[in-house]
Amino acid sequence: MANHKSALKRIRQNEKRRVINRYYHKTARTVVKVLRNEEDKAAAALQLPSVISLLDKLVKKNIIHKNKAANLKSKLTKHVNKLA
């Protein structure tokens, strides 16, 4: 266990950030899954910009890697375009 005040504070901050980052990561996975399971092209096309925006925000906050976000955006866009 840490003995210095600054180390104790760092532990508290890290725990808070871990919980917040976990929430954002889980939310993103859920949104991506919902979009992937969408069958209606019009509804999927409406959802796509908000999902892309969310992924970009997560990259900005260093929650996911920029290449992972780029791959997800590409695959989701292809999926939406492929819907009939």
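## How α1 passes α2

Helix α1 passes helix α2 in a left-handed crossing, a term used when the near helix is turned anticlockwise from the far one by less than a right angle, with right-handed used if it is turned clockwise. The structure is a predicted model, in which local features need pLDDT of at least 70 and side-chain atom pairs count only at pLDDT 80 or more, while totals for chains, interfaces and linings use all residues. Residues are numbered from 1 along each chain as its sequence is written, and side-chain values use heavy atoms, with hydrogens and water left out.

The axes of α1 and α2 come within 10 Å and cross at roughly 155°, where axes are lines fitted to C-alpha atoms, for helices over the stretch in contact, and angles run from 0 to 180 degrees between N-to-C directions. That angle makes α1 roughly antiparallel to α2; angles over 145 degrees count as roughly antiparallel, those under 35 as roughly parallel, 65 to 115 as roughly perpendicular and the rest as oblique. The helices themselves are DSSP runs (H or I, at least four residues), numbered from the N terminus, as are strands (E, at least two).

On the α1 side the contact is made by Tyr-24, Ala-28, Val-31, Val-32, Val-34 and Leu-35, and on the α2 side by Ala-44, Gln-47, Leu-48, Val-51, Leu-54 and Leu-58, contact meaning heavy atoms within 4.5 Å. By class, this contact of α1 with α2 has 11 nonpolar residues, 1 polar residue and no charged residues; Ala, Val, Leu, Ile, Met, Phe, Trp, Tyr, Cys and Pro count as nonpolar, Asp, Glu, Lys and Arg as charged, and the others, Gly among them, as polar.

## How α3 meets the other helices

Helix α2, which covers residues 41–60, and α3 have axes that come within 10 Å and cross at roughly 175°, and α2 and α3 are therefore roughly antiparallel to each other. In this contact Lys-41, Ala-44, Ala-45, Leu-48, Val-51, Ile-52, Leu-55, Asp-56 and Val-59 of α2 meet Lys-66, Ala-69, Leu-72, Lys-73, Leu-76, Thr-77, Val-80 and Asn-81 of α3. The residues of the contact of α2 with α3 fall into 11 nonpolar, 2 polar and 4 charged.

Helix α1 (residues 5–37) packs with helix α3 (residues 66–82) at an angle of about 25°, their axes being 10 Å apart, and that makes α1 roughly parallel to α3. The crossing of α1 and α3 is left-handed. Here Val-32, Leu-35 and Arg-36 in α1 meet Leu-72, Leu-76, His-79 and Val-80 in α3, and the residues of this contact divide into 5 nonpolar, 1 polar and 1 charged.

Tyr-24 has its place in helix α1 and is partly exposed, with a relative accessible area of 26%; buried means under 20% relative accessible area, exposed over 50%, and partly exposed in between (1.4 Å probe, protein chains only). Not counting residues up to four places away in sequence, Tyr-24 touches Leu-58, Lys-61 and Ile-63.

The count of aromatic pairs comes to 1, and that pair, formed by Tyr-23 and Tyr-24, is tilted, with 5.8 Å centre to centre and 55° between the planes. Rings of Phe, Tyr and Trp (its six-membered ring) pair if their centres lie within 6.5 Å, and planes under 30 degrees apart count as stacked, over 60 as edge-to-face and the rest as tilted. Tyr-23 is exposed, with a relative accessible area of 55%.

Asn-62 is found in the loop between α2 and α3 and counts as exposed at 70% relative accessibility. Phi of Asn-62 is near 60°, a positive value in a residue other than glycine. Most residues other than glycine have a negative phi.

Asn-21, by contrast, lies in helix α1 and counts as partly exposed at 34% relative accessibility. Although Asn-21 and Asn-62 are 41 residues apart in sequence, they are 9.1 Å apart in space, C-alpha to C-alpha.
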